[in-house]
Amino acid sequence: MFQRILFSGLFIFLFCLCIHVAVWRTRYPKNRPAALLFVFMVLPVIAGAALLGTDRLLTGVSISIQVLAGAYLLHFSLSAAYIMSYPAVEAVSPSLMITLMIGSSNGSGVSVEELNSTFDGKFLLEPRIKDLKDAGMLTESKGLLSLTLRGKRFVTPFIVLRRVLGLPIGGG
Amino acid sequence: MQLASNRLLKALKIKMSNQVVVILCSVAGHVPVGAIIWIMYLRDINSTAELVLASVYCLAVYNALAYSYFHLFNMSETARRIRILYEIYAAGGAMSPAQMSSYGAQAMLKNRIERLTAMKQIKRNGSRYYLDHRLIYAVSTAVAGWGSLLGIPYPEMSEFGSGRKTRLTQAVREQDAKQDAA
């Protein structure tokens with residue numbers, strides 16, 4: 001049974017990954033978080049429900065719910081891991097860029113001054129402020145940035161998580 | 001476990017990167033989670049092959065979920081967007097962009113360099129930084145490659161010098177343009 005669950009779960013995940021690559025290369029979605037959730041979370045549920053329904057209709061023997069649930073749990077775990085990693089792919093992550101810069105220096109290293117001049121406010125902050133405005137979490141009015149209700153709702157769980165863990169808010 | 005570890009480290013005045021704490025807790029978590037799964041299910045499996053496959057399945061699910069939690073926690077630790085939202089929240093709901101920029105960039109860069117150094121991925125020698133262990137460098141290369149497969153523009157870092165900043169800025173502009181066009 002676990003052989004079926006393992007292979008089914010892996011197959012579903014890899015299939016969703018292929019759909020993701022195809023969609024991103026052909027029709028880059030405007031709302032990428034929603035598109036990711038739809039491809040990886042919703043589509044397999046719809047496909048699984050359709051499979052259950054048609055299988056029962058055609059052969060009179062249903063696919064094991066246990067196998068489907070086990071396969072979906074594996075797919076869900078792998079998808080959650082991928083979706084959580086995705087922002088590092090899309091937004092130029094400074095930590096990854098720093099290591100790429102240093103690693104590409106052919107052993108001569110990178111000076112502190114070069115790091116300071118490369119990673120300035122224009123690079124680090126302005127694109128992210130723009131993202132937040134585009135996502136409806138920030139508004140700008142009379143020269144001031146303000147949180148929207150959506151922004152407050154988004155940041156509150158992170159503040160609560162840090163407080164529960166007894167940690168100050170992260171340094172960014 | 002993470003909560004207990006943070007309190008213990010604080011009480012013992014031991015400084016450790018928060019991300020390292022999460023990673024160590026995730027690794028240590030294999031023991032209690034494994035014990036629970038063994039007692040509840042695995043010990044009743046008679047076939048060796050089925051037991052191996054079931055163990056592989058449980059390991060895959062646990063580690064994928066632990067990895068997801070690591071990223072969720074990491075967002076609270078390092079994400080610029082979360083930091084920006086928090087700073088405005090803490091300032092009473094409004095802040096000028098100039099105020100944001102002046103505090104932000106240098107502190108964020110310093111935090112990232114400190115974290116990378118604490119995780120032994122880079123090291124400082126005099127006034128220059130060099131690679132130490134190459135794990136995050138390998139991850140960075142893989143992420144850049146995957147981004148290329150998805151058609152997301154990523155800066156070339158193979159040459160150093162002033163051209164690098166131009167390419168970084170250009171890549172960010174290309175990403176913004178792609179997102180605006182979508």
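What follows covers confidence, a helix, a pocket and some aromatic rings.

Keep in mind that this is a predicted model. For chain A, the mean pLDDT is 84, with 92% of residues reaching 70 or more. Within chain A, helix H1 (residues 2-26) has the highest confidence, at a mean of 91, while helix H6 (residues 121-124) has the lowest, at 74.

**A helix tucked inside chain B**

Take helix H5 (residues 80-90) of chain B: eight of its 11 residues are buried, so the rest of the structure largely encloses it. The buried set takes in Ile82(B), Ile84(B), Leu85(B) and Ile88(B), along with Tyr86(B), but also Arg80(B), Arg83(B) and Glu87(B). Just after H5(B) you'll find Gly92(B), which takes a positive phi of about 90°.

**The second largest pocket**

This pocket has a volume of about 610 Å³. It is lined by 22 residues, and those closest to its centre are Leu167(A), Lys15(B), Met16(B), Ser17(B) and Asn18(B). Which helices of chain B each supply at least two residues of the lining? They are helix H1 (2-11), helix H2 (18-28) and helix H6 (97-118). H6(B) gives the largest share, four residues.

**Aromatic rings**

Over all chains, the structure holds 11 aromatic pairs. Here are two of them.

| Pair | Centre to centre | Angle between planes | Geometry |
|---|---|---|---|
| Phe2(A) and Tyr41(B) | 6.0 Å | 70° | edge-to-face |
| Phe13(A) and Phe40(A) | 6.0 Å | 40° | tilted |

Tyr41(B), at 36% relative accessibility, counts as partly exposed.

Now for the pair within chain A. Phe13(A) lies in helix H1 and Phe40(A) in helix H2 (residues 32-59), so the pair ties together parts that are 27 residues apart in sequence. Both Phe13(A) and Phe40(A) are buried. These two rings also belong to one aromatic cluster, together with Trp24(A), Tyr82(A), Tyr86(A) and Trp146(B).

Technical notes. Residues are numbered from 1 along each chain as its sequence is written. Chains are lettered from A and ligands numbered from 1 in the order in which they are written. This is a predicted model: local features need pLDDT of at least 70, side-chain atom pairs count only at pLDDT 80 or more; totals for chains, interfaces and linings use all residues. Side-chain values use heavy atoms; hydrogens and water are left out. pLDDT is the predictor's confidence in each residue, from 0 to 100. Buried means under 20% relative accessible area, exposed over 50%, partly exposed in between (1.4 Å probe, protein chains only). On a 1 Å grid over the protein atoms alone, a cavity is a set of points where a 1.4 Å probe fits but cannot get out, and a pocket is an open set with protein on both sides within 12 Å along at least five of seven lines; lining residues have an atom within 4 Å of a point. Grid points are joined across faces, edges and corners, and a volume is the space filled by probe spheres set on the points. Rings of Phe, Tyr and Trp (its six-membered ring) pair if their centres lie within 6.5 Å; planes under 30 degrees apart count as stacked, over 60 as edge-to-face and the rest as tilted.
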